[in-house]
Amino acid sequence: MQSVFKADYHVHPDYSFDAARDTIDEYCERAVTLGLREICFTPHYTAVPAVVDKFGFVRQKGEKVPVTSDWLGDYIGEVRAADAKYRAKGLRVFAGLEIDYCESIHEFLKKRLIEEYKIDYMLGSVHLVNDNLDIMIPSEAEYIFKNTTPTDFYDAYFGEIDRLIESGLFASIAHIEGYRRYGVHHNPDYLDSGLIPYKHFEKIFTKLHDRNMTLEINLSLFRDGQNVTNPVEAVLKTAYDCGIRRVAIGSDAHRLKDLAISVDSAVDICRKIGFGVFSLA
Ligand SMILES: [Zn+2]
Ligand SMILES: [Zn+2]
């Protein structure tokens, strides 16, 4: 029997430069109120050379500093203190990162994040495709989705996902249908359930299963009105059919009020399909 419970494994505290100033402690307090059993923080770690000047920053003690500078000690220390404080209240707290991957920084990521800092949860994300345009930035997404057919886009996007998996650095993949957020504004094909690229998903999910990795049920589309999980239920069913038995739940909150948004819908889908909830505890 798989264990299903409320957790949030994708949370951007104040360390994330694109997040509100809500602190790790404030998120933990709210997590207890919401009845979460586990929370894992995932500030962005964007060190990809092509975009490091644009996105490669974090906030440390209120100051903007390069993501490659020495802030991880502070961050992990704060997470460990929160874990010690909130454990008695039934909440476990973990230190993750949401990371953009490319081969040229493979050794750097491995040495720094896995060997030196022993990050609890390496969450891999593909935000960047086609010469490093960001599918989560509206203007760049518009350019990509207007100038690429879905077939070509999927080839490029799932190629990036494949490289991320093959790197062997990651435990999980974030928002695997990341193109849904903005793609749908430019081409209705991205919304058409009859056009879901199952061939790509089957290949990717089989590989995830072989490598004992997981994917997340990302809940951020509940805050921008699409009100579906990412990936949608039909794709999650495909993941199950490919052998995956545990999935991570992640709200992708960038401010306190979005913590664990619609977590119950993720819990319901887990029960319905038969997934357990991913846990580091
Ligand atoms: Zn992301
Ligand atoms: Zn995120």
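Two residues are in contact here if their C-beta atoms, placed from the backbone, lie within 7 Å. The model shown is predicted.

**View 1. The largest nonpolar core.** This core holds 76 residues. Val247 is among the members that touch the most other members, together with Cys28, Ile39, Val79 and Ile249. Strand β6, residues 92-100, gives the most to the core, with 5 residues. In soluble globular proteins, nonpolar side chains tend to be buried together.

**View 2. Helix α6 against helix α8.** Helix α6 covers residues 150-166, and helix α8 covers residues 198-210. They pack at an angle of about 5 degrees, with axes 11 Å apart. Angles under 35 degrees count as roughly parallel, so α6 and α8 are roughly parallel to each other.

**View 3. Residues between α6 and α8.** From α6 come Tyr154, Phe158, Ile161, Asp162 and Ile165. In α8 they meet His200, Ile204, Lys207 and Leu208. The residues of this contact divide into 6 nonpolar, 1 polar and 2 charged.

**View 4. The whole chain, for context.** The chain has 10 helices and 13 strands. Its radius of gyration is 18 Å, close to the 19 Å that the globule rule gives for 281 residues, so the chain is as compact as a globular protein of that length. The C-alpha trace spans about 50 × 45 × 35 Å along its principal axes. Of the 281 residues, 41% count as buried. Among contacts with a separation of 6 or more, 77% join residues 24 or more positions apart.

Conventions: Residues are numbered from 1 along each chain as its sequence is written. Chains are lettered from A and ligands numbered from 1 in the order in which they are written. This is a predicted model: local features need pLDDT of at least 70, side-chain atom pairs count only at pLDDT 80 or more; totals for chains, interfaces and linings use all residues. Axes are lines fitted to C-alpha atoms, for helices over the stretch in contact, and angles run from 0 to 180 degrees between N-to-C directions. Helices (H or I, at least four residues) and strands (E, at least two) are DSSP runs, numbered from the N terminus. Angles under 35 degrees count as roughly parallel, over 145 as roughly antiparallel, 65 to 115 as roughly perpendicular and the rest as oblique. Ala, Val, Leu, Ile, Met, Phe, Trp, Tyr, Cys and Pro count as nonpolar, Asp, Glu, Lys and Arg as charged, and the others, Gly among them, as polar. A nonpolar core is a set of buried Ala, Val, Leu, Ile, Met, Phe, Trp, Tyr and Cys residues joined through C-beta atoms within 7 Å. A residue is buried if 20 or more other C-beta atoms lie within 10 Å of its own, exposed if 12 or fewer, and partly exposed in between; C-beta atoms are placed from the backbone. The radius of gyration is taken over C-alpha atoms; the globule rule is 2.2 Å times the number of residues to the power 0.38.
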